[in-house]
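Have a look at the picture first, then go through the points in any order you like.

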Amino acid sequence: MNDAESPLSCTIRPTKYLSIGESMFHSGCGVIEILFPNMRPIDIEKISFVNNYTAALSIKMKIAKSASNQTGHTWVTGLKNYQLMPKPHCETGSQSYFHLMSSDFCKQPNEVCALRFILRQPSPNWKTFTLEEIYVHAKKTKDPTNENPKWLESVENLSASEMKPRDQAELKGLPDTEQVSEKMQEILQLAEKTVLSAPNVELGRFDIDGSYEINLLSYT
Amino acid sequence: MGDRKKSPIEERKQQYKDYLDKTDVTSQVREALLKLIENQPKDPMLFLANYFDNISTSDKSDKITTVHQILQLTHHSQQSFQTNLIVAYDAASLAKNPNSKKASMNRPGLTGSVFEELLATILSNVPKNLHATLLERIGCRASEMVPFGVFRYCITVCYVFVDFVKLCGSIFSVLCGKQSGKVTDKDICEIVISSLKDALDSLQDDNSPCSILEAAYVLRPDKLASSLLSNKSSKTDKSTMNEDDFMKEMIDVFTSKIKVLK
């Protein structure tokens, strides 16, 4: 799985500026699209980028609807008018590094298939504005295969000075648990055997609890 | 000259050989040795003794005893038990009376009624009140024909069940410990029964090796001991349980996991 440290590989489309027809004018609005190719929906932990004269940022997230048993996607606003430059006309923040954590989002960025960054620059001072070095980091997912099964973990959390329960039980005059356990394990083996030898053929009984379903009986 | 008259030693040899052939001992002994090699019992002499005992009585005995004897040759955990099952099934499904002219008597195949008797013979060492629930689950009806798959399953389950009852008995005697008599603390018994239930529950159908380990983990000595200890500290009143009730409850837990025939 992807580590939280290494960014996800994703396709980042170049910034598109809002325009009407062929005419170029300063609309003050641009869009960057980010796609995650060949990957299932991801849970985003962190997005980092370097600003390049963008005043405010909104993020739309394309979220898979698999949770509600529906196929398809919806667009959700993840971030609304996040200020990158406190004063759009001034330089401050125009070249800063930003890290957006999942807690900064107004909606948890889980199960995301694509992102759209909507960049705004109201000041006419800056003709072009964009974001650079965009990196998306996924949440560290717990790999179920790597988890230790219960029986591998330490038997009982005992300190060294404490006695094992089986020794305590022996002292209190309880029956020998080791012997009982041994025999129970044998029973388990026997049970296992009955499961394994289950027949692959059926006798062809149709009755349920000794009585027949009337619809199954027919005059043939 | 030498050709016409055999030496006295060779003559003696021929005489012995004739006798063995005439009385059919050679083939029978060979058969016995084959069975011995096939089953490889721990105590070969006892096995042979039983084998010959069965042969000498088999003339008088009926089909069920014959089949039972075949099955009895090895323990169900041995590989050769599977071969014996096939032989036994063939023996059991022989026509009842090949010489009879009536068609119904002539048909080969294993009917439910014969099968029921066979199961009862296998379980004859177990008290009847204990194995009733088992037979309810795996018994066949008198009119049904028993296919080999079902035959193998039921017979194996029966032998497993006999072993299970033995194990239950020895667990109970461990639980009794030094106490004299045939009763022990009811709470202890209940803990043992419930932990068996837990273990069998965690034994999933898919039989992955992990589920077996998980089930065995539930039954480890320390777990049993700690549940016994926690119970001991919380309760003071002493009710008791006798062996019969203990066996019944254990068997109920065990048989509830056995697949019902369909």
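This is a predicted model: local features need pLDDT of at least 70, side-chain atom pairs count only at pLDDT 80 or more; totals for chains, interfaces and linings use all residues.

**Notes on the model**

1. Let's start with B:Lys42, which counts as exposed because its relative accessibility is 89%; the labels used here are buried for under 20% relative accessible area, exposed for over 50%, and partly exposed in between (1.4 Å probe, protein chains only). B:Lys42 sits in the loop between H2 and helix H3 (44-58) of chain B. Helices (H or I, at least four residues) and strands (E, at least two) are DSSP runs, numbered from the N terminus.

2. Residues are numbered from 1 along each chain as its sequence is written, chains are lettered from A and ligands numbered from 1 in the order in which they are written, and side-chain values use heavy atoms, with hydrogens and water left out.

3. Now for chain A as a whole. Its secondary structure comes to 2 helices and 9 strands, and reading along the sequence gives β-β-β-β-β-β-β-β-β-α-α. Chain A has 220 residues, and 35% of them count as buried. Take contacts (heavy atoms within 4.5 Å) in chain A between residues at least 6 apart in sequence: 76% of these join residues at least 24 apart. The accessible surface of chain A is about 14100 Å², with 51% of that belonging to carbon and sulfur atoms; such areas come from the Shrake-Rupley method with a 1.4 Å probe, and for residues only the protein chains shown count as cover.

4. How many salt bridges does a search of the whole structure find over all chains? The search turns up 2, where a salt bridge is a side-chain nitrogen of Lys or Arg within 4 Å of a carboxyl oxygen of Asp or Glu. In one of them, A:Glu33 pairs with A:Arg13, with 2.7 Å between the closest N and O atoms. A:Glu33 lies in strand S3 (residues 29-35) and A:Arg13 in the loop between strand S1 (11-12) and strand S2 (16-17) of chain A, so this pair ties together parts that are 20 residues apart in sequence.

5. A:Glu33 also meets A:Arg116 in a salt bridge, at 2.6 Å from N to O. Since A:Arg116 is in strand S8 (residues 112-120) and A:Glu33 in strand S3 of chain A, the pair ties together parts that are 83 residues apart in sequence. Shared partners join A:Arg13, A:Glu33 and A:Arg116 into one network. As for burial, A:Glu33 counts as buried at 17% relative accessibility, A:Arg13 is partly exposed at 40%, and A:Arg116 is partly exposed at 33%.

6. A:Asn52 lies in strand S4 (residues 44-52) of chain A and counts as buried because its relative accessibility is 18%. Leaving out residues up to four places away in sequence, A:Asn52 touches A:Ser94, A:Gln95, A:Thr128, A:Phe129, A:Thr130 and A:Glu132. Over in chain B, B:His68 lies in helix H4 (residues 63-72) and is buried at 17% relative accessibility.

7. On the surface, B:Tyr19, B:Leu20, B:Val25, B:Val29, B:Leu33 and B:Phe52 form a nonpolar patch, with about 480 Å² of accessible area together. Patches are made of residues with over 30% relative accessible area and no salt bridge; like charges are joined within 9 Å, and nonpolar side chains (Val, Leu, Ile, Met, Phe, Trp, Tyr) within 5 Å. Helix H1 (8-22) and helix H2 (25-39) of chain B each supply at least two residues of the nonpolar patch, and H2(B) gives the most, with 3. B:Leu20, in helix H1 of chain B, is partly exposed at 36% relative accessibility.

8. There is also a surface patch of negative charge, made up of B:Glu190, B:Asp244, B:Asp245, B:Glu249 and B:Asp252. Lys and Arg count as positive and Asp and Glu as negative, with His and the chain ends not counted; the place of a charge is NZ of Lys, CZ of Arg, CG of Asp or CD of Glu. Helix H13 (residues 243-255) of chain B provides the largest share of the negative patch, 4 residues. B:Asp252 lies in helix H13 of chain B and is partly exposed, with a relative accessible area of 42%.
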